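User: I am new to this structure and would like to learn how to read it, one feature after another.

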Amino acid sequence: MSKGKQVVLIDDDEMILELLRYWFNKTGYDTKEFTTGHIASTYILENASFVDLIVLDRLLPDMDGITLLSRLPENIPLLFLSVLSKDHEMVHSRRDNFIDYIAKPFRVEHVLERAQILMAKGMP
């Protein structure tokens with residue numbers, strides 16, 4: 001995996017953020033972590049050209065992940081994490097080419113593998 005690619009992690013669970021940050025950093029990615037949707041969306045919109053992937057939790061304290069998804073640029077690959085089983089259909093109807101879904105609880109290896117596939121799709 002390429003060093004210098006940036007992954008934005010958005011989850012209100014600090015332990016999940018810490019786990020994902022560790023593994024993405026260990027495999028060569030830079031990360032930015034957020035626990036709220038509003039701050040994350042502001043960062044992403046201001047830095048969209050530097051963001052290679054967004055990993056987004058469905059249930060955030062300040063907004064719904066689906067609402068946040070609608071505010072984000074469609075050209076940035078997104079990996080959705082959720083404990084809600086019906087999210088898979090809702091999310092895939094929005095941005096088929098650059099989106100994937102993983103149910104919580106998840107295996108880190110699975111997240112990293114799917115992230116790599118999504119970022120490869122997003123390459124020009």
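Analyst: Aspartate 100 counts as buried because its relative accessibility is 11%, where buried means under 20% relative accessible area, exposed over 50% and partly exposed in between (1.4 Å probe, protein chains only). This is a predicted model, in which local features need pLDDT of at least 70 and side-chain atom pairs count only at pLDDT 80 or more, while totals for chains, interfaces and linings use all residues. Residues are numbered from 1 along each chain as its sequence is written, and side-chain values use heavy atoms, with hydrogens and water left out.

User: Where does aspartate 100 lie, and which side chain does a polar contact join to that of aspartate 100?

Analyst: Helices (H or I, at least four residues) and strands (E, at least two) are DSSP runs numbered from the N terminus, and aspartate 100 belongs to strand E5, residues 99-103. A polar contact is a pair of N or O atoms within 3.5 Å; within protein, one must be able to donate a hydrogen and the other to accept it, and residues adjacent in sequence count only if both atoms are side-chain atoms. Here, such a contact of 2.5 Å links the side chains of aspartate 100 and arginine 114.

User: In which sense do E4 and E5 pair?

Analyst: Two strands pair if DSSP finds at least two bridges between them; E4 and E5 do so in the parallel sense, over 5 bridges, and leucine 79 has aspartate 100 as its bridge partner in E5.

User: Which peptide bond is cis?

Analyst: Most peptide bonds are trans. The one from lysine 104 to proline 105 is cis, with omega near -5°, and proline 105 sits in the loop between E5 and helix H5 (108-122).
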